Amino acid sequence: MAISEDFKQELKRRTNIADIIGNYVKLKKSGRNLMGKCPFHGDDTPSFSVSPEMGLYHCFGCNESGDVIQFVRKIEHLDYMEAVRWLAQKAGLTVPETNNDNKMHHLRQRIFEANREAARFYVRQLYTPEGKEALAYLTKRQLLPKTITHFGLGYSPKSRFELVNYLRSKGFSGTELIQANLANQSQNGNPYDRFSDRIMFPIIDLQRRVLGFGGRIMSNNKPKYLNTSETPVFNKGENLYALQFAKNKANGQLILVEGYMDVIALHQAGFENAVATLGTALTQEQALIIKRYCEEVVICYDADEAGQRATARAIGILRPLGINIKILTVPNGKDPDEFMKSHGEQGPARFRMLLNNSGNDIDYRLTKLRSGYHLDITQQRVEFLTKACELLSQLDNSIERDIYISKLAEELGVEKAAIKEQTQQSIRTRQRRTEKDRQRSMQRSLTVSPEGFSGTEPFNLRVASAEDALISLLMAHPDVAVSVFPTLSPTLFPTAFHRMVYELLRDRAAQGYNFTFTDISDKLSADERNRLGKLLMSHSYEENPTAAAKDYIDILQEESEKLSPQQIAEADDNTLLEEMRKLRSKKQ
C-alpha cells in the first residue's frame, strides 16, 4: 500500500535510529555520531557509524548505508511495508490503510497464508491411511509423537493434485500457488503439487511464519530432499532451520548440523540449541543471523569430503565475525542421529561428552594440515610449519597464538623462537597486504563512480570535492539550503549523481517537505543510498555554513566557466587569449 508523506514524517519523528540499532549493535559515542561493529559483515574493528541527527547509518567497511527502515528491513528480513508496520508498532502508531495496495506486500501475505494452510494440510495427511508409511518411517527413526507435533512434520500425498485442489477450495488461485512454489505449472498451464509422497518439514521464521518446506522421500529415488525454491518470502541462504526454537535455548552457543533429521533428533535428546542450513553451505547472511544469538558455534558436519569442505567454508565465514568456533567430529563417520541411536539410552550422554571435548577450529585446521605432510621428512616438516605459522598469524589473541607456538615447538622439536619469528613474519605480510588493500580502497573512493560521473567532463578533484561538500552542507543546514535553492541551478553540478540529489532536495523543499537523508532515502537506489551515506558521514559540520556554501558554489561556477580540453583543442587564437586574460585577472 502507499504510505502518505505525513505518516512517514510522523513515524520517523517518533523513531530514534540509535535506539533501534542499539538493540542489535553495541554502540559507543564518537563525536557527534555513534560507532559499533557492523552487523552486516565481518567487522574486526568498529566501522559502523550511526548519526541520530541525520537518521542515517553507514559502514565504512562494507559501504552499506540506509535509514531506520532500511536497517529493520535488512536485519529482520522484512519487506518495506513489514518494516514500516514493525516500526509503527514500536512507536505506538497505526499504519493508515489506503486503497492503493502494495502488490508485492499483498502477494507475500497470500504466500504466507497459503504456506500455513499447506502445513496444516500436510500434518492431517500424516495421520490418514495414505500417510501410514510416512508415520511408520518417523516412528522407526525413534521420533516421539510430541516431537513430530512440535516440529509440525507432515506428509504430501502421492497424488499431484490434492494440495492444489484443497488450497483452491480455500480461495487461493493457481498463480498464487505457483508463486509460493507449492505447485509447479504443467505444459498446458495447470498447476500441480510440487511435493509428492514425501515427509514434509515446514521451515518457520522467527515470527513463526511458514516460509516454505523441505520434503524427504522414503525410497532410494532422487533427489533425497526437495526444498522450496526461492519465492517472495523465502531465500534458503538467509534462514536457518529450527532457529525459532534454538534462539531461546542458545545460552551463548548454537550447534550447527547439516540436516533436518539431525536437528530434530538433537532437540529430542535435549540439545535444543541445534540448527541447520537449508540444503546449502553456510552463507554470510546465515552467519550474521547466528552472531545475533550466540558467541560460540559448534560445527557438527559429516566427516566425508563434502562435510570437510563445508566445515572449512563455515570456519572462513564465522571466524572473521568474532564468533568462537568448535568442531565436533562424530566417530566412525556417523551423523549425530545415528551416533546417539547406536548407543541406546546412553546416546545423549555420549554425545554430550563429544560436545564437551570438542576442540576449536585452530586444532581442527592444524590436524587437517598435518595430515597432508610426512613430518619425518625435513623439507615437508618445513613446509608444514610454514603453513602452520600462516594459520597462527590469523589469531588476534597473542596468548592463544603463543600457546599454539609452544605446542608446535615441543611436538616437532623446533626452537620456539624460530616458530615465533616465522609467525611474526606472516603477520607482517598480512598487515602489508591489508594496508595495500586499504590504500587501494581509499584511492578508489577519491574517484567519482560511473553512476555519479556524467562522463561528459574529465574528472576534476576540486569540483568533485566541492560538489560533495555542498550537498552535505545543504542537507545538514536546511536554512542555508532554502536560501540557495532559488538561485542555484542544477546544471552547475557537473556529475549526474550530485545533480540528481540536488534536484530531489530542491523539489521536496518546494513541496514543503523535509529533506534529510531519512526523508529521501526511499527514493534512491541501493547504490545511490550507499554513496550518499558515505558522503554525508565523511564531511564535518561547517562553522559558518553560509560562507562555506558560497565558497563551494564559487568553485563550481569558476570551474564551469573554464574551457574543457576539447574546447581548447578547437578554440581559435582570440578565444585562447581571452581565456588566458581571465585567468591572469583572477590571480591578481
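Reader: Starting with the hairpin of S1 and S2, which residue takes a positive phi there?

Author: Gly31 does, at a phi near 65°, and the hairpin has two residues between its strands. Strands are DSSP runs of E with at least two residues, helices are runs of H or I with at least four, and both are numbered from the N terminus.

Reader: What should I know about the model itself?

Author: It's a predicted model, where local features need pLDDT of at least 70 and side-chain atom pairs count only at pLDDT 80 or more, while totals for chains, interfaces and linings use all residues. Residues are numbered from 1 along each chain as its sequence is written, and side-chain values use heavy atoms, with hydrogens and water left out.

Reader: OK, back to the strands. How many bridges join S1 to S2?

Author: Three, with S1 (residues 28–30) and S2 running antiparallel. Ser30 has Asn33 in S2 as its bridge partner. For two strands to count as paired, DSSP has to find at least two bridges between them.

Reader: What's the strand order in the open sheet?

Author: S1-S2-S3-S4-S5, with antiparallel pairing. S1 and S5 (65–66) stand at the edges with a single partner strand each, so one side of each has no neighbour in the sheet.

Reader: And the pairings further along?

Author: S2 (residues 33–36) is joined to S3 by three bridges, again antiparallel, and Gly36 partners Phe48 there. S3 and S4 (residues 56–59) pair over four bridges, with Ser51 opposite Leu56. Two bridges then link S4 to S5, where His58 stands opposite Ser65.

Reader: Which residue has the positive phi in the S3 and S4 hairpin?

Author: Gly55, near 65°, in a hairpin with four residues between the strands.

Reader: Which residues other than glycine have a positive phi?

Author: Asp197 is one of them, with phi near 55°, and Asn251 is another, near 50°. Most residues other than glycine have a negative phi.

Reader: Where do those two sit?

Author: Asp197 is in the loop between S8 (191–193) and S9, and is partly exposed at 21% relative accessibility. Asn251 is in the loop between H10 and S12 (252–257), and is exposed at 79%.

Reader: Switching to the inside: which residues touch the most other members of the largest nonpolar core?

Author: Leu153, Leu182, Phe213, Tyr241, Ile255 and Phe351, out of 61 residues in that core. H5 gives its largest share, nine residues. A nonpolar core is a set of buried Ala, Val, Leu, Ile, Met, Phe, Trp, Tyr and Cys residues joined through side-chain atoms within 4.5 Å.

Reader: What does Ile255 touch?

Author: Leaving out residues up to four places away in sequence, its contacts (heavy atoms within 4.5 Å) include Leu266, Phe271, Val298 and Phe351.

Reader: Last one, the second largest pocket. How much space does it have?

Author: About 950 Å³. A pocket is an open set of points on a 1 Å grid over the protein atoms alone, where a 1.4 Å probe fits, with protein on both sides within 12 Å along at least five of seven lines; lining residues have an atom within 4 Å of a point. Points are joined across faces, edges and corners, and the volume is the space filled by probe spheres set on them.

Reader: Which residues lie nearest its centre?

Author: Arg73, Lys74, His77, Leu78 and Glu238, from a lining of 41 residues. Elements giving two or more residues to that lining include H3 (68–76), H5 (103–126) and H24 (526–538). The lining has 18 nonpolar, nine polar and 14 charged residues; Ala, Val, Leu, Ile, Met, Phe, Trp, Tyr, Cys and Pro count as nonpolar, Asp, Glu, Lys and Arg as charged, and the others, Gly among them, as polar.

Conventions. Buried < 20%, exposed > 50% of the residue type's maximum accessible area, 1.4 Å probe, protein only.
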